[in-house]
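Subject: Structure handover

Hello,

Here is the structure you asked for. My notes follow below it.

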Amino acid sequence: LLRVHELANSMLKPPLAFSQKGQLVAVGLFRVFQGADILARQAMFENDSQRADRILSDMIRWSRMLRHAQPNMMQWGVSRYGWKIAFNTLLEDLPAHPGKLDEIERLMTENRAETAELAECLKMEAQWWKDQGGIKAMLDEPDAHYFTIFLKPPFNELSVADLRALPYDAEADFKRCIQHMLGTLDCLRKNVPVKEWPMFQIEAGGRTLDHYRKRPNGLGDLFYEQDTRETEAGFWNSALGYDRLLEACLRWLKTERKGEIVSVDLFKEFIDPVDGAPLSIDIEKRT
């Protein structure tokens, strides 16, 4: 793990840019971040705070660089993972080093998910989709049989052959992809709760496979209308929700540090960006 960490430090330097043709890079980064977290925790276990801080600083720096290296949504999510586990580890270590609370807050402020970087991520997602050649071309990939996992029943049981047999209009599908991305960006800029975004309001029940066989863009329509959106929901929940949770956590800890009583009223302005409701705070369970 030390060797991998050294390699990452030597390689992850600006200028960086993700390749939109390979997704395995993101999987490799996931493992690099996990390994660095293990090294940081080992250093803490050995009471070597300086080494732990250096490793965690590396992770946060890598994460920030990668989030601005033209990632698509999957690549951005993995890049943000380094930021997330580094902060979780810092918070777990806080009881042993309570004086680091201000430093953690500074790091949080410097590493928030900004609308501009999410907008760039959406643009690269559309570019990735176009470079792949649309859904029809993706069905030629070795792992295409996984594509139906996130479709609503009974479409989640379709075979790749069933999907390939449907008519497809790549140009029409790409135009809809662009409109989808623009609509998402508009919601981001207006702070619309995620659950109210148009993509999560699609109702297309009662459809059959025969219905899509008769459409000029049956394949594209099926994936647009019958996707459970679990992948996108998970992405936006993490991208937008974690900052808010961390801000609330730090508010709680700073209040306790002052010797003041923690009450639900402290968090009344903290609105969940996913469902638009106030954060649910349980004082007794410290959650």
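**Helix α3**

Helix α3 (residues 49–67) has 19 residues and spans 27 Å from its first C-alpha to its last, close to the 27 Å expected at 1.5 Å a residue. The expected span is 1.5 Å times one less than the number of residues. Helices are DSSP runs (H or I, at least four residues), numbered from the N terminus. Among the buried residues of α3 are Asp58, Trp62 and Arg67. Buried means under 20% relative accessible area, exposed over 50%, partly exposed in between (1.4 Å probe, protein chains only).

**Ground rules**

This is a predicted model: local features need pLDDT of at least 70 and side-chain atom pairs count only at pLDDT 80 or more, while totals for chains, interfaces and linings use all residues. Residues are numbered from 1 along each chain as its sequence is written, and side-chain values use heavy atoms, with hydrogens and water left out.

**Aromatic rings**

The whole structure holds 11 aromatic pairs. Rings of Phe, Tyr and Trp (its six-membered ring) pair if their centres lie within 6.5 Å; planes under 30 degrees apart are stacked, over 60 edge-to-face, the rest tilted. Trp83 and Phe87 have ring centres 4.6 Å apart and planes at 35 degrees, so this pair is tilted. Both residues lie in helix α4 (residues 73–93), 4 residues apart, or about one helical turn.

Tyr242 sits in helix α12 (residues 230–257), 159 residues from Trp83, and the pair links distant parts of the chain. Tyr242 is buried. The charged end of Arg80 sits over the ring of Trp83, 4.3 Å from its centre. The rule here is CZ of Arg or NZ of Lys within 6 Å of the ring centre and within 35 degrees of the ring normal.

Elsewhere, Trp76, Trp197, Phe235 and Trp236 form one aromatic cluster.

**Salt bridges**

The count is 29 salt bridges. Each needs a side-chain nitrogen of Lys or Arg within 4 Å of a carboxyl oxygen of Asp or Glu. Glu103 and Arg106 form one, with the closest N and O atoms 2.6 Å apart. They lie 3 residues apart in helix α5 (residues 101–110).

Glu225 and Arg207 meet at 3.3 Å, N to O. Glu225 is in helix α11 (residues 218–226) and Arg207 in the loop between α9 (170–189) and α10 (209–213), so the bridge ties together parts 18 residues apart in sequence. Glu225 is buried at 12% relative accessible area, while Arg207 is partly exposed at 29%. Shared partners join Asp173, Arg176, Arg207, Arg215, Asp221 and Glu225 into one network.

Best regards

Methods: Helix = DSSP H or I, 4+ residues; strand = E, 2+ residues; numbered from the N terminus.
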